Amino acid sequence: MDSHRNSLQPGYRLHWYIIKKILGQGGFGITYLADDTNLQQEVAIKEFLPVDLAVREADASIHPVSNERGEHFKWGLDRFMNEAQTLARFKHPNIVRVNAVFAENNTAYMVMEYERGRGMHELLRENKILGQEEVNAILLPILDGLEQIHAAGFIHRDIKPPNIFIREDGSPVLL
């Protein structure tokens, strides 16, 4: 649990979202599985929490670790909000759908569709080598989504196997 000491705990309420568990944690944030009590569905919520810039206080609020880091934190927070607003404009079946973004706890949260399945890195770990047909079935739909993003003048910047998710029906989605 020590690696998740900065996380929101199960049962914590953000607006009408109730945190269930952590789905993943990286250098810039934590992604949670949550219940959307308004729409009665599960969602994924990404919280902006760069571990080298900020820390969670006892009241669940996020604060920069120092005054010197505060400016960097604010810059990153603004970019996170802008990224979420940009992503919400894209409606492509192979790009994760952003439903909402909001500020709370002195940070920001991006609410996304919760995708059931597994990361491409897990598939690669099991099979080691994918055939050409399998690679095409995964990458061509992702490239189609990226083409839409690039046409709008944006770049993903974090394409890697853990961010390519294979849904239960076998279709890929870029997170």
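Predicted model: local features only at pLDDT ≥ 70, side-chain atom pairs only at ≥ 80, totals over all residues.

Reader: Is Asn106 buried, partly exposed or exposed?

Author: Burial requires a relative accessible area under 20%, and exposure one over 50%. The relative accessibility of Asn106 is 41%, so this residue counts as partly exposed.

Reader: What is the phi of Asn106?

Author: Asn106 is not a glycine, yet its phi is positive. The value for Asn106 is about 65°.

Reader: Where is Asn105, and what is its phi?

Author: Asn105 is likewise found in the loop between S7 and S8. It is not a glycine either, but it has a positive phi. For Asn105 the angle is about 60°.

Reader: Is Asn105 buried or exposed?

Author: The limit for burial is a relative accessible area under 20%. Asn105 has 14%, and therefore the residue is buried.

Reader: How many aromatic pairs does the structure hold, and what is the angle between the planes of Tyr17 and Phe102?

Author: The structure holds six aromatic pairs. In the pair of Tyr17 and Phe102, the ring centres are 6.0 Å apart. Planes under 30 degrees apart count as stacked, and this pair is stacked, with an angle of 5°.

Reader: How many residues apart are Tyr17 and Phe102?

Author: Tyr17 lies in strand S2 (residues 17-25), whereas Phe102 lies in strand S7 (residues 98-104). Both residues are buried. The pair links distant parts of the chain, its members being 85 residues apart.

Reader: Why is the pair of Phe48 and Phe80 tilted?

Author: An angle under 30 degrees would be stacked and one over 60 edge-to-face. The ring centres of Phe48 and Phe80 are 5.5 Å apart; the pair is tilted because its planes stand at 45°.

Reader: Which elements hold Phe48 and Phe80, and how many residues apart are the parts they tie together?

Author: Phe48 is in strand S4 (residues 41-48), and Phe80 is in helix H1 (residues 67-87). Phe48 is buried at 4% relative accessibility, and Phe80 is buried at 7%. The parts tied together by this pair are separated in sequence by 32 residues.

Reader: Which residues form an aromatic cluster?

Author: The cluster includes Tyr17 and Phe102, the stacked pair described above. Its complete membership is Trp16, Tyr17, Phe102 and Tyr109.

Reader: Which residue does the side chain of Glu47 meet in a polar contact?

Author: Glu47 is placed in strand S4 and is buried, with a relative accessible area of 0%. Leaving aside neighbours within four places in sequence, its contacts include Phe80, Tyr109 and Ile62. The polar contact, side chain to side chain at 2.5 Å, is with Arg56.

Reader: Which residue's backbone oxygen does the side chain of Asn94 reach?

Author: Asn94 lies in the loop between H1 and S7, and at a relative accessible area of 10% it is buried. Not counting residues up to four places away in sequence, it touches several residues, among them Pro141, Ile142 and Arg167. At 2.6 Å, its side chain reaches the backbone oxygen of Pro172.

Reader: How many Å apart are Gly119 and Glu133 in space?

Author: Gly119 has its place in strand S9 and counts as buried at 1% relative accessibility. With residues up to four places away in sequence set aside, it touches Pro161, Ile164 and Phe165. Gly119 and Glu133 are 14 residues apart in sequence, and their C-alpha to C-alpha separation is 18 Å.

Reader: Which residues are closest to the centre of the largest pocket?

Author: The largest pocket has a volume of about 1800 Å³. It is lined by 48 residues, of which the closest to its centre are Lys46, Glu83, Asp158, Asn163 and Leu175.

Reader: Which element supplies the largest share of the lining of the largest pocket?

Author: The lining divides into 23 nonpolar, 16 polar and nine charged residues. The largest share, nine residues, comes from H1.

Definitions and conventions:
Residues numbered from 1 in each chain as written. Heavy atoms only, no water. Phe/Tyr/Trp six-rings, centres within 6.5 Å; stacked < 30°, edge-to-face > 60°. Helix = DSSP H or I, 4+ residues; strand = E, 2+ residues; numbered from the N terminus. Buried < 20%, exposed > 50% of the residue type's maximum accessible area, 1.4 Å probe, protein only. 1 Å grid on protein atoms, 1.4 Å probe; cavity = no way out; pocket = protein on both sides within 12 Å on 5 of 7 lines; lining within 4 Å. Points joined across faces, edges and corners; volume = space filled by probe spheres on them. Nonpolar A, V, L, I, M, F, W, Y, C, P; charged D, E, K, R; others polar. Polar contact = N/O pair within 3.5 Å; in protein donor to acceptor, adjacent residues only side chain to side chain. Contact = heavy atoms within 4.5 Å.
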